[in-house]
Amino acid sequence: MLNTIFSSVFTETTAAFTFGQFLACTAVSLILGLLIAAVYRYKSECTKSFAVTLGLMPVIVQMVIMLVNGNLGTGVP
């Protein structure tokens with residue numbers, strides 16, 4: 001069973017997305033995260049570190065989703 005799960009990971013060498021797509025998605029998620037952090041900071045009282053975390057969280061989630069969406073994510077039944 002493990003051979004079939006990881007066979008596409010070790011044999012496939014093509015990327016599911018290009019570097020330009022990765023940068024575009026990262027930029028859009030950063031902009032949206034900063035917008036959410038700015039609105040939250042305007043509407044309520046929060047610390048600066050929480051606002052930074054709130055702004056960077058979409059970028060981290062986007063990177064994880066794009067990395068898992070490759071061959072490893074689609075190879076697991």
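Author: Helix H3 gives the nonpolar patch its largest share, 8 residues. Helices here are DSSP runs of H or I with at least four residues, strands are runs of E with at least two, and both are numbered from the N terminus. Please keep in mind that this is a predicted model, in which local features need pLDDT of at least 70 and side-chain atom pairs count only at pLDDT 80 or more, while totals for chains, interfaces and linings use all residues. Residues are numbered from 1 along each chain as its sequence is written, and side-chain values use heavy atoms, with hydrogens and water left out.

Now to the patch itself. Leu30, Leu34, Val52, Leu56, Met57, Ile60, Val61, Val64, Ile65 and Val68 make a nonpolar surface patch of about 850 Å². To belong to a patch, a residue needs over 30% relative accessible area and no salt bridge; nonpolar side chains (Val, Leu, Ile, Met, Phe, Trp, Tyr) are joined within 5 Å, and like charges within 9 Å. A salt bridge means a side-chain nitrogen of Lys or Arg within 4 Å of a carboxyl oxygen of Asp or Glu. The areas come from the Shrake-Rupley method with a 1.4 Å probe, and for residues only the protein chains shown count as cover.

At least two patch residues come from each of helix H2 (19-43) and helix H3 (48-68). How do H2 and H3 pack? Their axes are 8 Å apart and form an angle of about 150°, so H2 is roughly antiparallel to H3. Axes are lines fitted to C-alpha atoms, for helices over the stretch in contact, with angles from 0 to 180 degrees between N-to-C directions. Under 35 degrees counts as roughly parallel, over 145 as roughly antiparallel, 65 to 115 as roughly perpendicular, and the rest as oblique.

Let's visit some residues of H3. Leucine 56 lies in this helix and counts as partly exposed because its relative accessibility is 41%. Buried means under 20% relative accessible area, exposed over 50%, and partly exposed in between (1.4 Å probe, protein chains only). Valine 52, also placed in H3, is partly exposed at 46%. Its C-alpha is 7.3 Å from that of alanine 37, although valine 52 and alanine 37 are 15 residues apart in sequence.
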